[in-house]
Amino acid sequence: MKKVLIVTVALFLAFNCFAQDQLAFPFQGGKEVMAKFFKDSLIVSSQLISQKATGTAVFKFTADEKGTIRKIIIYYADDIRLTQPIIEALKKSNHKWVIPDHEKFHDFIIPFNISFNAPAVPNTALQKAVYNFSTHRKPVVTTDQVPLDMATLLPTVTINYDLTQ
């Protein structure tokens, strides 16, 4: 009888003890749908195209239980000019985020990488424009600690634009 009770308790504990909860991907439709959404929604301005802008930006945002974005924080950006189209695309993603059932709000960290499709034969004007952008950039960096709390790190969204737009 003791053995049956011990085995039953052990099985009950084995089924209820998980090292980590498995969450569904937090964007409705999954990772591929999220990547496609941001590629379609993030519009690189003609000013950024003319400046041959490239770089990385890392954002933290908070979504509520309805998938609405409540707060957007820039953790890092190679240049402040890269952040505006990303913020606009994040705002378009309202009601597409899925958070765990037991939470009212959840934080997500999402990196973006923006670059242009390099031509087969680069010319000196292109090289000069890339050099000018990188030497005159205005990075956004943190000067204090960055509280991560219980944030979910999402995969990097890569945006490539054509120089002829």
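These questions and answers concern a predicted model and the terms applied to some of its residues.

Q: Why is Lys-52 called buried?
A: The relative accessible area of Lys-52 is 17%. Buried means under 20%, so Lys-52 is classed as buried. Lys-52 sits in the loop between H3 and S1.

Q: Why is His-95 called partly exposed?
A: His-95 has a relative accessible area of 48%. The term covers values between the buried limit of under 20% and the exposed limit of over 50%, and therefore His-95 is partly exposed. His-95 belongs to the loop between H4 and S3.

Q: What is the phi of Lys-52, and what is the phi of His-95?
A: Lys-52 is not a glycine, yet its phi is positive, about 55°. For His-95, also a residue other than glycine, phi is positive and near 70°.

Q: What makes the pair Ser-115 and Asn-160 a polar contact?
A: The distance between the two side chains is 2.6 Å. A polar contact needs N or O atoms within 3.5 Å, one able to donate a hydrogen and the other to accept it, so the pair qualifies. Ser-115 lies in strand S3, residues 105-116. Leaving out residues up to four places away in sequence, Ser-115 touches Ala-53, Thr-54, Ile-159, Asn-160 and Tyr-161.

Q: Which residues of helix H4 are buried, and what covers them?
A: In H4, residues 83-92, the buried ones are Thr-83, Pro-85, Ile-86, Ile-87, Ala-89 and Leu-90. The cover includes helices H2 (31-41) and H3 (46-50), together with strands S1 (55-64), S2 (69-77) and S3.

Terms used: Residues are numbered from 1 along each chain as its sequence is written. This is a predicted model: local features need pLDDT of at least 70, side-chain atom pairs count only at pLDDT 80 or more; totals for chains, interfaces and linings use all residues. Side-chain values use heavy atoms; hydrogens and water are left out. Helices (H or I, at least four residues) and strands (E, at least two) are DSSP runs, numbered from the N terminus. Contact means heavy atoms within 4.5 Å. Buried means under 20% relative accessible area, exposed over 50%, partly exposed in between (1.4 Å probe, protein chains only).
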